[in-house]
Amino acid sequence: MPAHAVRGMSAPPEVVFNTATDPNRASAWLPEPLRGDGSPAAEINGEELWARWGAGGADAWSAEIRVGPADSGGARIELDLADGSGGPGPDQLADEALTNLAREVADNLQAG
């Protein structure tokens, strides 16, 4: 069963999604098995602010992110993270990934 983590961020949903799916920034927030070679996510739906990454193979890691508006402004991010083992999801890694994504979003806003 995949781990599920939810986090709010003060940035607009589009900024969060674009940061999350930027191949140059994904390696800074995705767990190690999903970082890959800087290629874009396997599936991206920019209209629905949804993306999925997968490492390939039967026991592969996968991540799915959904970004939407938060009730209080900003964005609400949901991340499902599976390690492919069929066992309990890596909850701590999912939380760490969203913390790392929040750092990348903040860096992106400061840079731009």
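This is a predicted model: local features need pLDDT of at least 70, side-chain atom pairs count only at pLDDT 80 or more; totals for chains, interfaces and linings use all residues.
Buried here means under 20% relative accessible area, exposed over 50%, and partly exposed anything in between (1.4 Å probe, protein chains only). Residues are numbered from 1 along each chain as its sequence is written, and side-chain values use heavy atoms, with hydrogens and water left out.

**The overall layout**

- The protein has 3 helices and 5 strands, taken as DSSP runs numbered from the N terminus (helices are H or I, at least four residues; strands are E, at least two).
- Read from the N terminus on, the elements go β-α-α-β-β-β-β-α.
- Of the 112 residues, 38% count as buried.
- Among contacts (heavy atoms within 4.5 Å) with a separation of 6 or more, 56% come from residues 24 or more positions apart.

- The 5 strands make an open sheet in the order 1-5-4-3-2, with antiparallel pairing; two strands pair if DSSP finds at least two bridges between them.
- Strand 1 (3-9) and strand 2 (43-45) sit at the edges with a single partner strand each, so one side of each has no neighbour in the sheet.
- Neighbouring strands of this sheet are turned by 10° against each other on average, direction ignored. For axes and angles, lines are fitted to C-alpha atoms, for helices over the stretch in contact, and angles run from 0 to 180 degrees between N-to-C directions.
- Strand 2 and strand 3 (residues 50-54) run antiparallel and are joined by 3 bridges. Asn45 has Trp50 of strand 3 as its bridge partner, and Glu43 has Arg52 of strand 3.
- The hairpin of strand 2 and strand 3 has 4 residues between the strands, and there Leu49 takes a positive phi near 55°.
- Strand 3 and strand 4 also run antiparallel, with 5 bridges joining them.

- Helix 1 and helix 3 pack at an angle of about 110°, and their axes are 9 Å apart. That makes the two roughly perpendicular (65 to 115 degrees; under 35 counts as roughly parallel, over 145 as roughly antiparallel, the rest as oblique).
- On the helix 1 side, this contact uses Val15, Val16, Thr19 and Ala20; helix 3 brings in Leu101, Glu104, Val105, Asn108 and Leu109.

- With 21 residues at 1.5 Å a residue, helix 3 should span 30 Å, and its end C-alpha atoms are 30 Å apart, which agrees. The expected span is 1.5 Å times one less than the number of residues.
- Its buried residues are Ala94, Ala97, Leu98, Leu101, Ala102, Glu104 and Val105. Seen down the helix axis, they fall within an arc of 165°, so they line one face of helix 3; the arc is that of the directions from the axis to the C-beta atoms.
- Those buried residues pack against strand 1, helix 1, helix 2 (23-29), strand 4 and strand 5.
- The face turned away from the buried side carries the exposed residues Gln92, Gln110 and Ala111.

- Glu104 has its place in helix 3. Leaving aside neighbours within four places in sequence, Glu104 is in contact with Thr19, Arg25 and Ala28.
- Leu101 counts as buried, at 0% relative accessibility. Beyond its neighbours within four places in sequence, Leu101 is in contact with Met9, Val16, Thr19, Ala20, Trp29, Ile65 and Ile77.
- The C-alpha atoms of Leu101 and Ser27 are separated by 10.0 Å, although the two are 74 residues apart along the chain.
- Ala97 counts as buried too, at 2% relative accessibility. Not counting residues up to four places away in sequence, Ala97 touches Trp29, Pro31 and Leu79.
- Ala97 and Leu79 lie 8.6 Å apart, C-alpha to C-alpha, and 18 residues apart in sequence.
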